[in-house]
Structure formats: structure tokens, C-alpha cells
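Subject: Structure handover

Hello,

Here is the structure I promised to pass on. Please open it alongside this email.

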2 protein chains.
Amino acid sequence: MKTPFQMLSNSSKYALKAVLYLALHSNENNRILAKNISEPINVPKAYIAKLLQELSRHGIISSAKGPHGGFYLNDANRLHSLIDIVHVVDGKQHMESCLLSLEDCNEDKPCPLHKLAGPFRAKFIRNLEDTTIDELALDLKNKKAFLPL
Amino acid sequence: MKTPFQMLSNSSKYALKAVLYLALHSNENNRILAKNISEPINVPKAYIAKLLQELSRHGIISSAKGPHGGFYLNDANRLHSLIDIVHVVDGKQHMESCLLSLEDCNEDKPCPLHKLAGPFRAKFIRNLEDTTIDELALDLKNKKAFLPL
DNA sequence: GGTATAACATGATATATATCATATTAAGGA
DNA sequence: TCCTTAATATGATATATATCATGTTATACC
């Protein structure tokens, strides 16, 4: 692992950036091409195209083919939580509550490292579950958070 | 990424488990063979052997060749912090304070995801820096934490 | 209907991480 | 000194993730 302490794969990061970009710049009448998303979020075109397709297939974002087609978010899309994006891209398997990946580790019988990280990660995941695309975008509009992506 | 939200590589986890095992069961007069560490911590023999060698080379643990040889911790080894182990195994590069790996993201100008995880990860890393091998082992002795590894 | 557009499906390549295998070197004891 | 032991150094293989490339299909517009 070149960069320890990463909590998300590149793919998830890219997907989150792309969806956030769509939240800010697209709507049903203003679709955005994959190649036009690629540059502002700083992700290779072919790579983000593939991810967008997968997100679309799973209903996280919307898309339209042909002229004036592209990707966009409708109102329903905007209500998805961030964890939905991660699940589509990275899979949905068990979230490993234990730092050492021990099967028999839990709050009652914690492994030695448990208290060093367990609670934090749990909180982080809950944050991803509780935060919608729309809410994130709102932070940007209210200048509580900043670009570029 | 099969299992998102992992904060440590397998190698780091294995190394932590091995060192912890040595903290509990070894000393200068009681060295332990790589193959005898492998089983109790549940890590393939060849894999843990390689990691132990690297830890030894960096002075995190001690070793002796030949008959009655093996790996062990001396008093100095026991004072190393957990982060030292991670650094040896996963490298020491920048700890990516930003969830999205953005270069220009910081507390003052946070990215939209920053507040969802940044503080937690920082705290976790600080915990790894502030905790020594010995302290972790103590938790086990005091039944504040549990095995098996 | 024909043509251009752009997503879709699929797969190929590259790189990183995890895992396994082995010949070499150092140390202890007979 | 010779033999056994066990770490060391090195590298091979396997699997996962990241990245790139392309032919196919659906849609809008003339």
C-alpha cells in the first residue's frame, strides 16, 4: 500500500468527485458529456467514463444517449447518500469493523488495536450513510467547502 | 478495493500482529522461530517470514541466526510506536490528510468531504504515533484487550 | 431512412500488492 | 572443522486495482 490510511479506493474518490460535479453543474435539461467531466475533476477520460456508466446502470446518476445526451442528476438522484456511490464502485461487502480484520473482534472483546481506530471509522461510515449528494453540494454553495476537485 | 474503509495494508496488519505476539511471548533469552509465529497469528509462514526480516533490518525487532535463533524484542524494541511498524512496511510517504487526495485541501479550505473523515483519520494516526508496542501488550495483560490474533 | 452523436458493454494492458519459493549466509554445537 | 539450524536476500508467481481502448447500440435531427 503506497499510501496508508486511505479509506477509499481511487475509483470511489473519482466517482464521488464526478457525482458532486454533476450535482453542481447538471440537471435534466443540461446534460454533461463524460469528456467534459473528466477535465474539471482531474480524472482520465476513459476511466471516468467507465465509472459514470456503472453509476448510471445502478441508478445513482442519470444519462441519455445521442445528441445532447450526457450525464446528469435528477431530483431522485440527488437524494442518494454518499455510501451508495462507494457501494456501487467498491462493492458492498462487510465493512471490516476490526482494524486487524479479526473475525472475533467486537466492542465487548476488542483486539488490542480496536480502540485506536474502531470508533472513528464507524463514525466516518455513518457520516457517509447520513450525507446526501445534495447536502454536500449545498456546502459548496454556502462556501463551507471548496473546489477545485 | 474489495474491502473499503481499510486503513492498513495486509502487510501492516500482519506485522502489527507479529510484533504484538513477540511482545507477549519473546525476550532476549526466548527467541521465536518465524514458523512458530505464523500459526498463532494466522498468517502464512513465508509471508510473515519476509515481513519479520524487514522489521529486523529496520531495528523494529531483533533476531539471531542459527540454533536457538529466532526473533524477539529487547527493551529498546518495545518502545517503538505502532506507526514505526507501519512506516517500515507500507512506507513513509505523506499521509494524505485529504479523503479525495486533493492537493489544495486543508482545514482552512476544505474539500466537501473533508469534515466527514479528516479529523477522525488524524486522530487515528496520532494514536498510532503515541502508542508503543509495550503499551498495547499491557492492555492484553490487563484484559483490556483480547486475543487471538 | 441516413447520419452524427454519445452512452454502453466488453475486454485489454499496466501497475501494485499479496503470496510463495529458494539459494545463501551466519551461528552454535559435536 | 563439519553439520545442523534458522535468518537473510532475492526473486518468482498470483491476484487485485487502476488505466486505456474500441466496437456496438440508442437517440436526435435533417
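Below are the findings, starting with the single chain and moving on to the contact between the chains.

Please keep in mind that this is a predicted model.

**Chain A overall**

Chain A has six helices and two strands. From the N terminus, their order is α-α-α-β-β-α-α-α. The C-alpha trace of chain A spans about 60 × 30 × 25 Å along its principal axes. Of the 149 residues in chain A, 42% are buried.

**Helices α1 and α2**

Start with the packing of two helices in chain A. Packed helices are described by the angle between their axes and the distance between the axes. Helix α1 (residues 10–25) of chain A meets helix α2 (residues 34–41) of chain A at an angle of about 110°. Their axes are 10 Å apart. The angle makes α1(A) roughly perpendicular to α2(A). On the α1(A) side, the contact is made by K17(A), A18(A) and Y21(A). On the α2(A) side, I37(A), P40(A) and I41(A) take part. By class, this contact of α1(A) with α2(A) has five nonpolar residues, one charged residue and no polar ones.

Leaving aside neighbours within four places in sequence, A18(A) is in contact with I37(A), I41(A), I48(A), L51(A) and L52(A). A18(A) also stands out in the largest nonpolar core, which has 93 residues. The residues with the most contacts inside that core are A18(A), V19(A), A18(B) and V19(B).

**Helix α4**

Next is helix α4 (residues 82–90) of chain A. Which of its residues are buried? They are L82(A), D84(A), I85(A), V86(A), V88(A) and V89(A). The buried residues of α4(A) pack against α1, α3 (45–57) and α5 (114–130) of chain A. Just after α4(A) comes G91(A), with a positive phi of about 90°.

Most residues other than glycine have a negative phi. N42(A) is not a glycine, yet its phi is positive, at about 65°. N42(A) lies in the loop between α2 and α3 of chain A. N42(A) counts as partly exposed because it has 14 C-beta neighbours inside 10 Å. In chain B, N42(B) likewise has a positive phi of about 65° without being a glycine. N42(B) is in the loop between α2 (34–41) and α3 (45–57) of chain B. N42(B) has 14 C-beta neighbours inside 10 Å, so it counts as partly exposed.

T131(A) is in the loop between α5 and α6 (133–141) of chain A. Buried or partly exposed? T131(A) counts as partly exposed, because it has 18 C-beta neighbours inside 10 Å. The C-alpha atoms of T131(A) and S101(A) are separated by 26 Å, with the two residues 30 apart along the chain.

L136(A) is in helix α6 of chain A. L136(A) has 22 C-beta neighbours inside 10 Å, so it counts as buried. L136(A) and L20(A) are 116 residues apart in sequence, but 7.6 Å apart in space, C-alpha to C-alpha.

**Where the chains meet**

The contact takes 44 residues from chain A and 44 residues from chain B. On the side of chain B that touches chain A, the elements giving two or more residues are α1 (10–25), α4 (82–90), α5 (114–130) and α6 (133–141) of chain B. The largest share of that side, 10 residues, comes from α5(B). By class, the side of chain B that touches chain A has 25 nonpolar, 10 polar and nine charged residues.

How are the two copies related? The same surface serves both copies, as 100% of the contact residues of chain B recur in chain A.

Best wishes

Technical notes:
Residues are numbered from 1 along each chain as its sequence is written. Chains are lettered from A and ligands numbered from 1 in the order in which they are written. This is a predicted model: local features need pLDDT of at least 70, side-chain atom pairs count only at pLDDT 80 or more; totals for chains, interfaces and linings use all residues. Two residues are in contact if their C-beta atoms, placed from the backbone, lie within 7 Å. Helices (H or I, at least four residues) and strands (E, at least two) are DSSP runs, numbered from the N terminus. Ala, Val, Leu, Ile, Met, Phe, Trp, Tyr, Cys and Pro count as nonpolar, Asp, Glu, Lys and Arg as charged, and the others, Gly among them, as polar. Axes are lines fitted to C-alpha atoms, for helices over the stretch in contact, and angles run from 0 to 180 degrees between N-to-C directions. Angles under 35 degrees count as roughly parallel, over 145 as roughly antiparallel, 65 to 115 as roughly perpendicular and the rest as oblique. A nonpolar core is a set of buried Ala, Val, Leu, Ile, Met, Phe, Trp, Tyr and Cys residues joined through C-beta atoms within 7 Å. A residue is buried if 20 or more other C-beta atoms lie within 10 Å of its own, exposed if 12 or fewer, and partly exposed in between; C-beta atoms are placed from the backbone.
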